[in-house]
Amino acid sequence: MPAAPAKTDLPGVAELLEAAVTAVGGARREGQDAMAQAVRKALSSGEHLAVQAGTGTGKSLAYLVPAIRHAMARDTTVVISTATIALQRQLVDRDLPRVAKSLKPLLGRAPTFAILKGRRNYLCLNKLHGDDAMGEDPAEEQLFDAFAISALGRNVKRLHDWASDTETGDRDELVPGVPDNAWRQVSVTARECLGAARCPVGEDCFAEKARAEAGRADVVVTNHALLAIDAMGDASVLPEHDVVVIDEAHELVDRVTGAATAELTAGTVAAAARRCGKLVDQDLADRLAEAGEGFGLTLEDLPPGRWESLPRSASGALRSIVDAAAMCRQALGGERREDPEGATGRKLALALLDEVSEVAVRVLKTFEQEDPATRYDVVWLGEQGPDNARFKVLRAAPLAVGGLLRERLFGTRTTVLTSATLALGGSFDALARQWGLPPEGTAPEDDPVKDKDVPRWKGMDVGSPFAHARSGILYTAKHLPPPGRDGLAPAYLDEIAELVDAAGGRTLGLFSSMRAAKQATEALRGRLSVPLLCQGDDSTMLLVKRFAEDEETCLFGTLSLWQGVDVPGPSLSCVIIDRIPFPRPDDPLVSARQRAADARGGNGFLTVSATHAALLLAQGAGRLLRGMNDRGVVAILDPRIATARYGGFLRASLPPFWQTTDPEKVRAALRRLRDV
């Protein structure tokens, strides 16, 4: 369908941005202006854009204003995708309402916006009031535990009460929330949904209402997982759109990989068999149940890890599941007119059958390719669940998602990608490679992918309003020994204690493992006079709140703190990173991707592991300066960042702090900040 002609009488981006910035009580910044104009140009030309915008730039307004103008000029929808719920809520609850109000006088009407999530995030009224509101969970064994069923029952009753009050049915609006096992009793996946036309409560469906609202909006805010599902599927999930803005773009590959990862357990097969037992001949359901039991026994006999080839026993078990599922599906028959309750049960059974069958077939097809380099998927056996109830799970994930993104995202829509951390080692090429884009500036004839239909892309770094070299110090503890496998060495604990003492508390400790965070907390609580909090002592949100409110308090933790802490002011003047956050070498997907990069003649370690570490280091270091008056130190204790060959790449991925390896200079600087 040809695009509608653009309206030419709308104010320019600069005028609109001025109004939006004034409305939110901010100040125009050079980097924000540059980014807004670059986004405007990209939306006009169709050229993809990657923008690194440091903390404090005001990047949300820099892309929202030109995106809104584009949507209203073209009478179309722009999709904004984020990685985290926190940013979605910030955009929908804070930024967009104020921007819409400020732009209404200039645009003639207030821009409209909506949030859209996957169907599983909305309450299903049909399931809530049906006979299956309890007991269809794949982990049904908990229903025989009186304590578990009472807790589950209480949460489901809460959901029934909430259903009569909520206007959106959005799970995130239920505070406090409920566990996943309770939410599954009142929600459905897209596969399980009857569809608005057949559902007895289709007119009141929360998910359909959200989709309808999104279809009428100028701006739709969604998440990377739903964006991936929309790109991978044959049917559109998102409203028709010609522009996507991807915020927190450093998370895009991991979130798309997660959405494209499939898993199969014996419990899932058993759940499908139980569901079918209510609708088909019991012998057929029993055959599927037996196939699931055999699959479970097979997995228990196999060690966790990546599968280079398909074990003979697993091959037989998977084929048995495929055959038994096909027979059950045939017995269920095609579409039919039936009562709503029967239709619901049948749809749920078909959804489970399709799930187990498709995963089994996907694994079998993976190993039809004898050369691992030609396989689309990586298959591995893992474990999950609490220590006293571990069970095996078979997973299949794409070796790379660049091809998918290149074809289904960049090949069809103008895309703007932004984050505070995109230029790794001083270049956008590391992430561009993962996104499926050629190196920046590659001429069409030099494009290794040889796809002339994909528009070129441009990368730009608009900098940060922070004067990093005058506001922060990057301290690399070159004198320490390399980190070992047996926890933090005494020298590391001494170094942490000296830094915390010099800072007078005020320290965020980012550790590569929870084990290390707990070790440091326990070892230093008796040595230091300042309060030490450790992730896991309470909810992360409450711990961060206590840390921010008391200047002497320290907070130690792991992965979620690397990206989720925003504490401006004197409560945070020192960020300690215990070691370079390389992924585990035995991670099946990481090791497979490294091997594939090596096979192509590249450097697998630098392409995969070092890139992963650089992203996390940049995110962790970004916790230090959150306000214009912030000052402090980022201390990386792992000496390899100063001594290893890849250290230069990692350091070039960090903000441009003043650098030193002298511990006394650092401690003196922290004491001066403490005594101000």
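Reader: What makes strand β10 count as largely enclosed by the rest of the structure?

Author: Six of the six residues of β10 (residues 414-419) are buried, so the strand is largely enclosed. Buried means under 20% relative accessible area, exposed means over 50%, and partly exposed lies in between, with a 1.4 Å probe and protein chains only. A strand is a DSSP run of E with at least two residues, a helix is a run of H or I with at least four, and both are numbered from the N terminus. Please keep in mind that this is a predicted model, where local features need pLDDT of at least 70, side-chain atom pairs count only at pLDDT 80 or more, and totals for chains, interfaces and linings use all residues. Residues are numbered from 1 along each chain as its sequence is written, and side-chain values use heavy atoms, leaving out hydrogens and water.

Reader: Why are β1 and β10 said to pair?

Author: Two strands pair if DSSP finds at least two bridges between them. Strand β1 (residues 48-52) is joined to β10 by four bridges, and the two run parallel, so they pass that test. One of the contacts links Leu49 to its bridge partner Val416. β5 also pairs with β10 in the parallel sense over four bridges, and there Val244 has Thr415 as its bridge partner.

Reader: What makes β6 and β7 edge strands?

Author: They belong to an open sheet of four strands in the order β6-β9-β8-β7, with antiparallel pairing. β6 (262-264) and β7 (305-306) each pair on one side only. For β6, the neighbour is β9 (residues 391-398), joined to it by three bridges; Leu264 has Leu394 as its bridge partner.

Reader: Why is Phe410 called buried?

Author: Phe410 has a relative accessibility of 1%, so it counts as buried. This residue sits in helix α15 (residues 402-410).

Reader: Asp75 or Glu248: which is buried and which is exposed?

Author: Asp75 is at 64% relative accessibility and therefore counts as exposed, while Glu248 is buried because its relative accessible area is 15%. Asp75 lies in the loop between α3 (59-74) and β2 (78-82); Glu248 is in the loop between β5 (243-246) and α10 (252-259).

Reader: What makes the backbone at these two residues worth a look?

Author: Most residues other than glycine have a negative phi, and most peptide bonds are trans. Asp75 is not a glycine, yet its phi is positive, about 55°. Glu248 is not a glycine either, and its phi is positive at about 50°.

Reader: Where is a cis peptide bond found?

Author: The bond from Val175 to Pro176 is cis, with omega near -5°. Pro176 belongs to the loop between α6 (146-163) and α7 (180-183).

Reader: How do you know that Asp283 is exposed?

Author: Asp283 has a relative accessible area of 58%, so it is exposed. Its place is in helix α12 (residues 282-300).
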